[in-house]
Amino acid sequence: MRKNFGAKPILYPQPVFIIATYNDDGTANAMNAAWGGISEENEISMCISAEHKTTANALKRGAFTVSMATEAYVAECDYVGIASGNDTPGKLDKIGFHAEKSAFVDAPLIAELPMAVECRLKSYDPDTCRMVGEVVNVCADESVLTGGKIDPAKLKPIVFDGMNHTYHALGEKVGRAFFDGLRWK
């Protein structure tokens, strides 16, 4: 028997995105966001409210980066979601994160988070809080590559469980995409 929970924004897995922008004074700011994903071939979409400093920064600069939160930095990634950039200046310094300028967009990369999607702001709808970025580049530190490709086992991204308010590690590989189902073709 199934239990009904009603209309809730619950999906599994929900990636944990760390969205980074530059403040007016050139310092880096970041926030934690879990409501987002790929929405087109070269596009990423997230729901973040207009009240966030990150939203205001992205609208002014026309750019942002999206790093994958990792197991090694769970607490730090949680903190950037708890502390608001509107009233907590220097929150990246407080947790020991270091910002590096992206070569592709006017937004910072977080050195400690080894994978990021660099985006040009495509649109923002304040009514739906949907921010859309055009993917300009995806970058990853060589430490998380195997055979020249991003290796989830090395990256160790975390996912968000919105029902229980917890973070989880991704599990082991259980199949091969576009291959295992071929037996029924």
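A: The side chains of Glu43 and Lys122 are joined by a polar contact of 2.8 Å, a polar contact being a pair of N or O atoms within 3.5 Å, where within protein one atom must be able to donate a hydrogen and the other to accept it, and where residues adjacent in sequence count only if both atoms are side-chain atoms. A polar contact of 2.9 Å likewise joins the side chains of Glu43 and Ser39. This is a predicted model, in which local features need pLDDT of at least 70 and side-chain atom pairs count only at pLDDT 80 or more, while totals for chains, interfaces and linings use all residues. Residues are numbered from 1 along each chain as its sequence is written, and side-chain values use heavy atoms, with hydrogens and water left out.

Glu43 lies in strand β5, residues 43-47; strands (E, at least two residues) and helices (H or I, at least four) are DSSP runs, numbered from the N terminus. At 8% relative accessibility, Glu43 counts as buried, where buried means under 20% relative accessible area, exposed over 50% and partly exposed in between, with a 1.4 Å probe and protein chains only. Not counting residues up to four places away in sequence, Glu43 touches Gly37, Ile38, Lys122, Arg130, Val132, Gly133 and Val135, contact meaning heavy atoms within 4.5 Å.

One of these residues, Val132, is found in strand β10 and is buried too, with a relative accessible area of 4%. Leaving aside neighbours within four places in sequence, Val132 is in contact with Glu43, Ile44, Ser45, Phe64, Arg120, Leu121, Lys122 and Ser123. By contrast, Val132 and Asp78 are 23 Å apart in space, C-alpha to C-alpha, and 54 residues apart in sequence.

The strands β5 and β10 belong to an open sheet of 7 strands in the order β3-β2-β6-β9-β10-β5-β4, with antiparallel pairing; two strands pair if DSSP finds at least two bridges between them. At the edges stand β3 and β4 (36-40), each with a single partner strand, so one side of each is left without a neighbour in the sheet. From one strand to the next, the twist averages 35°, with axes taken as lines fitted to C-alpha atoms, for helices over the stretch in contact, and angles running from 0 to 180 degrees between N-to-C directions. The strands β2 and β3 pair in the antiparallel sense over 6 bridges, and the bridge partner of Ile19 in β3 is Met31.

Helix α1 packs on this sheet, touching β2, β3, β6, β9 and β10, and its direction makes about 50° with that of β2. Helix α2 also packs on the sheet, where it touches β2 and β3, its direction making about 95° with that of β3.

Within α1, residues 53-61, the residues Thr54, Thr55, Asn57 and Ala58 are buried. Seen down the axis of α1, the buried residues fall within an arc of 165°, so they line one face of the helix; the arc is that of the directions from the helix axis to the C-beta atoms. What covers them includes β2 (17-22), β3 (28-33), β6, β9 (115-125) and β10 (130-140). Just after α1, Gly62 takes a positive phi of about 75°.
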